[in-house]
Amino acid sequence: MDFFLELSQGFATLARPDVLAYMVLGFVIGTFFGAVPGLTSVLAIALLLPITYSMDVVPALVMCAAIFMSGMYAGSITATTINIPGAPSSMMTAIEGYALMKKGEGANALGHAALGSMIGGSLGALLLMALMPLAAKASLLIQTPGKFSLVLFALVVIVIVQRDAIAKGLIATMLGVMIATIGIDVMQPIPRFNFGTEMLVEGIDMMPIIIGTFAISEVLYQAHQNHGDLRISLSQAASATIRRRDFLPSFAQIREIGIITYLKSTLLGYGIGILPGVGGSMAAFVAYADAKRRSRRPDTYGNGSREGIAAAETANNSMCGGAFVPMLMFGIPGDPTTAIVLGVLVINGLQPGPRLLETQTDLIAPMFASLFVSALVLIPLTLFLLGPWFVRIVSIPKGLLYACIAVVALVGSYVATFSIFQMALALLFGILAFFLRQQNYPTVSLLLGFILGPDLEQYLRRSLSLSDGNPIVFLTSPDSLFFLALLAVFIYFMAIRKPKQAGIEGKTTV
Amino acid sequence: MAMREMRWRKRLLLPLFLLVLTTIYVVATFRITPQFSEGLVGPRFLPLLAALLMYAALVYVIRRELASDEESGKGAFWQPVAVVLATAAYIALFKPFGYSLATLLYVYALFHIFHYQQGRPLRRLLYAIAVTAVFYGLFALVFGIRLPTLLDII
């Protein structure tokens with residue numbers, strides 16, 4: 001009951017003009033980064049991370065939540081208007097939205113995307129708030145061997161979710177784990193892998209990894225990809241004329257999509273959000289595929305299905321709520337954005353875990369409120385106010401844009417610790433991430449491996465020292481056994497069963 | 001044939017680099033001296049396990065790359081190299097030149113690399129000054145962060 005009282009106070013905090021201003025600013029930043037192809041909300045929060053050193057924790061978290069929600073929604077804008085998904089999670093929306101755009105119904109497609117995002121985002125946030133006390137109680141039952149198996153489960157899911165590139169996913173994850181082992185050992189006061197330098201004794205900070213992986217590598221990647229063609233074609237922008245009154249989806253269209261589609265996509269997105277490293281793209285894809293499978297009009301898919309847009313957008317926004325559960329309870333991020341939000345928590349001295357909910361709800365409740373209000377109020381409001389100019393807003397010259405990103409990233413990595421070494425590390429990780437991206441290695445796995453590696457090692461060694469080195473403890477401890485069984489189920493369904501089916505299909509077609 | 005060989009050689013550079021990096025890491029792992037024994041699972045255990053998994057995955061990737069006929073992604077070569085060089089110079093000059101001058105030069109260089117305001121050097125300079133001033137305002141004035149200055153002036 002206390003928790004829900006604290007939650008209501010979180011809404012009151014959000015209503016404070018200064019906090020509200022940060023939420024609106026975050027939402028606008030997230031919309032811009034989500035809508036511009038190549039930029040993502042992850043990059044926006046990565047750039048914000050160094051600035052949070054100079055901010056109070058509540059506005060910083062409120063801003064992060066607003067960026068997360070708006071970034072997930074805004075990907076649908078360019079996906080619909082010019083067939084370029086602003087974010088990877090809007091891939092499915094591009095298929096259906098752009099088909100509607102070509103039929104002259106682009107505004108209606110944007111309206112359905114906003115409605116789906118609004119429903120999914122707000123229900124996902126409500127689910128997060130309602131289930132958080134239960135998750136906190138459940139997490140108290142998990143002991144050290146169980147924590148090890150949970151982190152192991154998370155790491156394995158991060159790898160096997162890269163279905164076509166499991167080996168590359170493993171390499172990126174292990175690279176992250178290896179970088180995390182630099183510095184003082186997790187159990188003994190001895191330095192590891194410092195190669196005789198003082199600067200590496202304390203280990204590598206999360207900041208240069210995030211800035212390098214998401215900001216510097218993006219600048220390098222864009223420099224590599226573009227040869228002068230650095231602006232969204234103005235002819236494309238001009239052709240995408242949108243009128244405000246056309247945004248509103250009709251009641252008949254909403255009834256045709258059906259409440260079941262919205263609710264099922266919300267639950268699918270939320271559930272997928274809880275899984276570590278999976279993220280919005282998978283949520284949108286699974287919900288879209290499910291909606292198509294049980295649709296009464298599957299023939300409309302690919303030709304402008306409003307149901308497809310609704311399913312994908314509902315799921316990717318409800319994922320936002322789910323992704324916070326493992327991050328806040330166990331320090332296991334559900335996706336790259338929550339991985340960086342974890343960095344904001346750590347920078348401000350907050351430790352994820354059930355005690356966070358008991359003792360510091362006043363700090364995290366406004367973040368939950370921001371997630372909810374961003375989805376319920378700001379998504380439709382932004383569409384109404386900025387909708388007609390969306391494409392012009394995102395057609396900013398990329399030379400100017402990437403110069404600004406590079407300056408914010410580098411100066412940001414300096415101001416965090418006033419260290420030139422941190423700037424150099426950001427560049428180094430940026431170069432590494434650029435080459436990884438260029439050859440289709442998932443760089444998000446590198447960050448998640450870096451975050452989870454120390455936890456894995458610590459829980460493993462603690463469990464074994466408590467059980468006199470007997471590894472059977474992982475099978476005799478019920479919570480640990482549960483996560484290991486869950487891991488076996490996931491490996492079966494995601495890495496063993498599906499490839500076999502694909503193989504059979506491949507044989508029959510040949 | 002020569003082109004094909006060059007392509008897979010290019011694709012192999014990253015896994016081979018990671019292979020060398022992992023080997024250096026393994027050598028460093030054996031130099032860790034624990035203060036007390038924890039049995040098998042001590043300070044060396046996870047690094048060695050990570051390196052082992054890394055080797056296995058790298059061997060798999062290298063074998064696939066050798067067998068594959070896939071072309072690596074096309075893109076400009078000199079532009080990312082120029083960005084890296086400009087960024088390295090910016091980092092080196094950030095403290096001696098101060099935020100303002102170093103950032104102005106860096107932004108101007110990035111505009112040049114990204115062909116922004118090509119053929120209009122004055123306009124390019126004005127935009128570079130504007131970007132430098134905007135972020136000075138954000139970091140120094142809004143957030144009150146002390147940025148390096150040149151001769152304690154700018």
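The model is predicted. Chain A gives 54 residues to its contact with chain B, and chain B gives 51 residues. Chain B has four helices and zero strands.

**Contact between chains A and B**

- The contact draws 54 residues from chain A and 51 residues from chain B.
- On chain A, the elements that give two or more residues to this side are α8 (166-180), α9 (206-225), α19 (398-417), α20 (420-438) and α21 (443-466).
- α19(A) supplies the largest share of the side of chain A that touches chain B, with 13 residues.
- By class, that side of chain A holds 36 nonpolar, 12 polar and six charged residues.

**Chain B**

- Read from the N terminus, the elements of chain B run α-α-α-α.
- Chain B is divided into domain 1 (2-67) and domain 2 (78-142).
- The C-alpha centres of domain 1 and domain 2 of chain B are 38 Å apart.
- Chain B has 154 residues, and 28% of them count as buried.
- Take the contacts in chain B between residues at least 6 apart in sequence: 62% of them join residues at least 24 apart.

**Helix pair α4 and α14 of chain A**

- Helix α4 (residues 57-81) and helix α14 (residues 306-330) of chain A have axes that come within 9 Å and cross at roughly 165°.
- That angle is over 145 degrees, so α4(A) is roughly antiparallel to α14(A).
- The crossing of α4(A) past α14(A) is right-handed.
- From α4(A), the contact residues are Phe68(A), Met69(A), Met72(A), Tyr73(A) and Ser76(A).
- They meet Glu313(A), Asn316(A), Asn317(A) and Cys320(A) of α14(A).
- The contact of α4(A) with α14(A) has five nonpolar residues, three polar and one charged.

**Helix pair α2 and α17 of chain A**

- Helix α2 (residues 17-35) and helix α17 (residues 361-386) of chain A have axes that come within 10 Å and cross at roughly 60°.
- That makes α2(A) oblique to α17(A).
- α2(A) passes α17(A) in a right-handed crossing.
- α2(A) contributes Val19(A), Met23(A), Phe27(A) and Thr31(A).
- Facing them in α17(A) are Pro366(A), Ser370(A), Val373(A), Ser374(A), Leu378(A) and Thr382(A).
- The contact of α2(A) with α17(A) divides into six nonpolar residues, four polar and no charged.

**Helix pair α5 and α6 of chain A**

- Helix α5 (residues 91-102) and helix α6 (residues 106-140) of chain A have axes that come within 7 Å and cross at roughly 145°.
- The crossing of α5(A) past α6(A) is right-handed.
- On the α5(A) side, the contact is made by Thr93(A), Gly97(A), Leu100(A) and Met101(A).
- On the α6(A) side, Gly106(A), Asn108(A), Ala109(A) and Ala113(A) make the contact.
- The contact of α5(A) with α6(A) has four nonpolar, four polar and no charged residues.

**Positive phi in two loops**

- Asn440(A) has a positive phi of about 60°, although it is not a glycine.
- Asn440(A) sits in the loop between α20 and α21 of chain A.
- Asn440(A) has 12 other C-beta atoms within 10 Å, and the cut-off for exposed is 12 or fewer, so Asn440(A) is exposed.
- His115(B) also is not a glycine, and its phi is positive, at about 60°.
- His115(B) lies in the loop between α3 (78-113) and α4 (121-142) of chain B.
- His115(B) has 17 other C-beta atoms within 10 Å; buried needs 20 or more and exposed 12 or fewer, so His115(B) is partly exposed.

**Leu475 of chain A**

- Leu475(A) belongs to helix α22 (residues 473-476) of chain A.
- Leu475(A) counts as exposed, with 12 C-beta neighbours inside 10 Å.
- In sequence, Leu475(A) and Pro145(A) are 330 residues apart.
- In space, Leu475(A) and Pro145(A) are 9.0 Å apart, C-alpha to C-alpha.

Methods
Residues numbered from 1 in each chain as written. Chains lettered and ligands numbered in written order. Predicted model: local features only at pLDDT ≥ 70, side-chain atom pairs only at ≥ 80, totals over all residues. Contact = placed C-beta atoms within 7 Å. Nonpolar A, V, L, I, M, F, W, Y, C, P; charged D, E, K, R; others polar. Domains from an automatic or database assignment. Axes fitted to C-alpha atoms, helices over the stretch in contact; angles between N-to-C directions. Parallel < 35°, antiparallel > 145°, perpendicular 65-115°, else oblique. Left-handed = near helix turned anticlockwise from the far one by under 90°.
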